[in-house]
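Student: I am new to this structure. Could you walk me through its pockets?

Tutor: Gladly, let us look together.

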Amino acid sequence: MPRRTVARPAWETPLKDEVRILTPNGILGYGIPEADFWRGVDRQPDAIIVDGGSTDPGPYLLGLPKTIVSREAYLRDLSLMLDACANRKIPVYISSAGGAGIRDQVDLMVDLIREIAKREGYRFKIAKIYADIDAQTVRKAWQDGLVSPCGSAPPLREEDIDLSTHIVAQMGAEPFVKVLREHPDVDIIVSGRAYDPAPFAALCMMHGIEPGIYWHMGKIVECGANCAEPKGKVILTTVRKDSFDLEPMSLSERCTPASVAAHTLYEKSRPDLLTGPGGTIDLRESRYEQISERAVRVRGSRFIPAKDYTVKIEGAGVVGMRTIFIGGIRDPILIGQIDDYLCRVKKAAFDTYPELRSGQAQIVFHVYGMNGVMGDFEPLVDAVPHEIGLLGEVTAPTQELANAICSSVRIDVLHMAYEGQLATAGNFAIPLNPPENPIGPVCKFTIYHLMKVDSAEALFPIEIVEA
């Protein structure tokens, strides 16, 4: 059986009875309310920790790659956090830097920190933790039978590895612990792709807190104050050996047992067992207690270690070019037969373009007002809306072909005849000019799998720099 790296407390760091962590927002760059942030800083947290990325926006962050927000948005949020780091001596940990957490995005984040440090006269010791893995490492693991699908992903194929423009592994807490143990004076940690709760868990690991407690806490507060009523941004958590407290820093928000427990439904296939690197968070015995008007205490959460240590690996690549059109339909006669109508539009396009018949190009319609969001999962309803919105998208090997097919499809949506039609004018109200809009490269997740590893740290090199 592969041996798992086990994090141990840093003996040179005194153990604390309570650890306080301030989270300024669910994603770095989404905006930090200054008054709420400084209210949290005044509570003297042991660290400011923020998640910097996600796969929620889809594969383009990793495939192209792109950052999740603009450079200006990063500078705005970082300026506040680095002020607290420099002048209040509060360490800052940033995970999944840039969105996808690739090497270039980690380096970009450190460059932005350098820019602010130079401007303000700050001096920082920074740890960079990289998460990129090369295709050959994944190929070898796949050949050895160490790679399995994550969730509903299909089995990995060698051509999926070859198609990937970037591949990252999602680190657990262990690389963060390694930094904290070996460099206890570090001011800032900037990591590549990481399991969202990992940096929160790492700090708590250093102080003898129960794993079920810190993993559950991290799973909640990595989203900022989303667990508050109403949902907010800045949250302070106080973690003890067997419990943790949650308090939003906006005075207009409050946590309740219902709002905190409901957060367990967020992005989960089931709300009671949450699997991550090294094991599963078991929430079946978790208890939520209102301890003040605005704060909730959680206890009873457990962690079940896995037999083998696995990390999630993510890869993405460009699979074509996209063009779209958008508009509305208000004729109840056409709306009542829209599914059949769009099938006939598709058939006309397939008859014209061999690339559609061969599968090189694709057409997708999104009918908003009639199952446009949930599609086939939408419960059947009998009501016919008085208007619908239609988004058509065409993906093809080249932008020119995508443009050509999209133009043909849009013209047929506009002018094709249908049963019961009374007027012979256009069927489709188009708000944009030109009516077709090239979007550019289309990405897909080529790898979304689990890989068994011998060490929780070995894939993630650490570099210490000064700013």
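Student: Which helix and which strand each supply at least two residues of the lining of the second largest pocket?

Tutor: They are helix 12 (338-352) and strand 16 (362-368). Keep in mind that this is a predicted model. Helix 12 gives the largest share of that lining, 5 residues.

Student: What makes Ile338 a lining residue of the second largest pocket?

Tutor: A lining residue has an atom within 4 Å of a pocket point. Ile338 is among the 26 residues that line this pocket, so an atom of Ile338 lies within 4 Å of such a point. Together with Asp339, Val367, Met370 and Asn371, Ile338 lies nearest the centre.

Student: How many residues of each class are in that lining?

Tutor: There are 14 nonpolar, 7 polar and 5 charged residues, and the pocket's volume is about 630 Å³.

Student: What volume does the largest pocket have?

Tutor: About 1200 Å³. Its lining has 41 residues, and Tyr195, Lys219, Glu267, Lys312 and Tyr448 are the closest to its centre.

Key. Residues numbered from 1 in each chain as written. Predicted model: local features only at pLDDT ≥ 70, side-chain atom pairs only at ≥ 80, totals over all residues. Heavy atoms only, no water. 1 Å grid on protein atoms, 1.4 Å probe; cavity = no way out; pocket = protein on both sides within 12 Å on 5 of 7 lines; lining within 4 Å. Points joined across faces, edges and corners; volume = space filled by probe spheres on them. Helix = DSSP H or I, 4+ residues; strand = E, 2+ residues; numbered from the N terminus. Nonpolar A, V, L, I, M, F, W, Y, C, P; charged D, E, K, R; others polar.
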